[in-house]
Amino acid sequence: MLHFKYLMFLLFGMAAFTASDAQTLSPKADLLLPDYVKLQYAGGIGFMSAGVGYTFIKDRLDVTFFYGYIPAQLHTKTLHSVSLQFTAKLIKIPLSDKYQLLPFNFGWFIHHTMGNEYWIKLPAHYPSQYYWWSPGRTAGFFVGGELKTPWLRSKVPASGIALYARIGTRGLYLATKVGNSTLPVSEIIELGFGIALYR
Amino acid sequence: MLNLKTYAKVHIRRFVIVTAAFGLLAFQACSDLFDYSPYLIDFDESNSNVNQKSIDKLKSKSATDTITIAFTGDTHNFFDELNDFVGKINSDSRIDFVVHVGDIADFGLPKQYLWANSYLSKLKVPYLVAIGNHDLVSNGKDAYEVMFGALDFSFVYQHIRFIFLNTNSREFAFNGQVPDIAWLAERLQPSGDFDKAVIICHVPSGDADFDPNLKNDFYATIGLNKNVIMLAHGHQHHHEVYFPMHDSIPFVNVYGVEHRMATIIKIINNQILIDNVAF
C-alpha cells in the first residue's frame, strides 16, 4: 500500500535524524538540534504529518513545525501544508522510573495549505473585507494526552517513544457550528494521534 | 492504599495493553472524526452528482399543467433555518422540485458542502443547487463539481428549459468568460424539446459582482428569442420582483434562508405566480 510506504519512509527519516544526536556534539550544535521529532496521523493538519520542534519552560511547552501531506488517492489531488503547533503540557504524572503520563495537554495550531486557491491575502479582484477569513491560513485548538515510554530506547538513539492523542476543532468549523443546534458536535471534531521521539 | 503510581508500577504492562486495546476500539468507533484537512474532498456516492440524479428523477414524474417550485438560497451558516425549510417543503405536497440559488458553503469548505447536503438530502422531492460565489472559495469549485456537477447546466421539464448559469464573475477575476454568454445563447436557441426557458443564477446582472462588460450581452441574449419567462437569483438575501430589462421578463430575487421565507413559484401556461411562505 502506497500510504504505508510513505509512513515507513518518514519513520526511517526520523530514526536517521535522531541518530545524529548520539554523536558527541559541540554545545552550539546541541542547542540548535531539535529536541524531538513527531509523526502525526490526522488532527486536521494532514493525512500524515512529520514534525520537528523544541521544548521550552522546563519541558512544559512544545513548539513544533509540521509538514502535512494528503496523497491524491484520498483527495482530488495531492495536498501539502505546513503548520506551527504549540502544546502546553500542563500535568505530568510519573507512572514509574521510565513511564510518564501527561493526561492534559492543551494546544493550538496555525495551518497553511499550499496552492494559489488557498490565499492568505485577499486577491486584488475583491474589494477590501469581501471575505473575512483566509483559506490559506486557518487555526484550531485541541486537548490531548501523552504517554512517554522507554520503548525502542536500545534500538534508536532516543530516550524513548511517546504516544499521544488529541481531540480538537478549528475556527472555521466552530464558526459554522455557532447557532446551529441541528449540526452534531461530532461533525466539527478533529481527532488525531501520533508518536514522538525525544532526544 | 494503592495510589496511581504504585498501581502503574505493578501493572504497567497491563495498563499499556488495555490502553492500546481501548485506543484501537476508539479508533474503530470514531474513524469519521479523524480529519486530514478542511479541504479534503472525499464524498461518497450519496454526496456525488446530485443535480443529475435530481434531473433523472424529474424525468420520471408524470406531466401536469402546473409546475410548482420552492426556492431558497444563501444558506451560508444558517443550517437550522435550512433544516426548517426542508421540514416545511416536505409537508407541502404541491412542490415538484426545490431550487437552491447558491452559497450553500459559507467558506467553500468541502465539509460545509457535506453539512448542507445532509439537510437538503432529506427533501422528498428532487432538488437542484446553483453555484454561488462563497461555494467557489479555495477548492470549492472542485467540491461543487464532485457533489453537484457542471457549473453551467440545463434540463427540460414539462416543455420548459431550466438553465442554471454560473454568474459569479468576481470569483473568476472578471476574466470575461463568466457568465458564459455563448453557452447561454446556445441553450436559448429554440428547439423542439422546449417552448419557454427559466434562468437560475446566484449573482444578478445588476450586482457589482457580475462582470460589467458582459451585462449588455447578457440582456441581449436573454431577450433575443423572446422565450425567457423568468430569471431567479440569490446573493442579495432579500425578496423582490423587478424588471431590469424594461420588458415583461421578471427577475425574482430569492430570500436568504435566514429570513425563514420560501419563495414558491408556480408556472401555469407559461405564466408565473409568486407566493412567499413562512417556515
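Trainee: Which residues in helix 6 of chain B meet helix 7 of chain B?

Mentor: Contact means heavy atoms within 4.5 Å. Helices (H or I, at least four residues) and strands (E, at least two) are DSSP runs, numbered from the N terminus. Here B:I181, B:L184, B:A185 and B:L188 of helix 6 meet B:D217, B:F218, B:T221 and B:I222 of helix 7. By class, this contact of helix 6 with helix 7 of chain B has 6 nonpolar, 1 polar and 1 charged residues. Ala, Val, Leu, Ile, Met, Phe, Trp, Tyr, Cys and Pro count as nonpolar, Asp, Glu, Lys and Arg as charged, and the others, Gly among them, as polar.

This is a predicted model: local features need pLDDT of at least 70, side-chain atom pairs count only at pLDDT 80 or more, and totals for chains, interfaces and linings use all residues. Residues are numbered from 1 along each chain as its sequence is written, chains are lettered from A in the order in which they are written, and side-chain values use heavy atoms, with hydrogens and water left out.

Trainee: At what angle do helix 6 and helix 7 of chain B pack?

Mentor: Axes are lines fitted to C-alpha atoms, for helices over the stretch in contact, and angles run from 0 to 180 degrees between N-to-C directions. Helix 6 (residues 181-188) and helix 7 (residues 215-224) of chain B pack at about 5 degrees, with their axes 9 Å apart. That makes helix 6 of chain B roughly parallel to helix 7 of chain B; angles under 35 degrees count as roughly parallel, over 145 as roughly antiparallel, 65 to 115 as roughly perpendicular and the rest as oblique.

Trainee: How many cavities of 30 Å³ or more are there?

Mentor: On a 1 Å grid over the protein atoms alone, a cavity is a set of points where a 1.4 Å probe fits but cannot get out, and a pocket is an open set with protein on both sides within 12 Å along at least five of seven lines; lining residues have an atom within 4 Å of a point. Grid points are joined across faces, edges and corners, and a volume is the space filled by probe spheres set on the points. The count comes to 2 cavities of 30 Å³ or more. The largest cavity has a volume of about 80 Å³, and strand 6 of chain A gives the largest share of its lining, 4 residues.

Trainee: What is the make-up of the lining of the largest cavity by class?

Mentor: The lining of the largest cavity has 3 nonpolar, 5 polar and 3 charged residues. The second largest cavity, of about 40 Å³, has a lining of 3 nonpolar, 7 polar and no charged residues.
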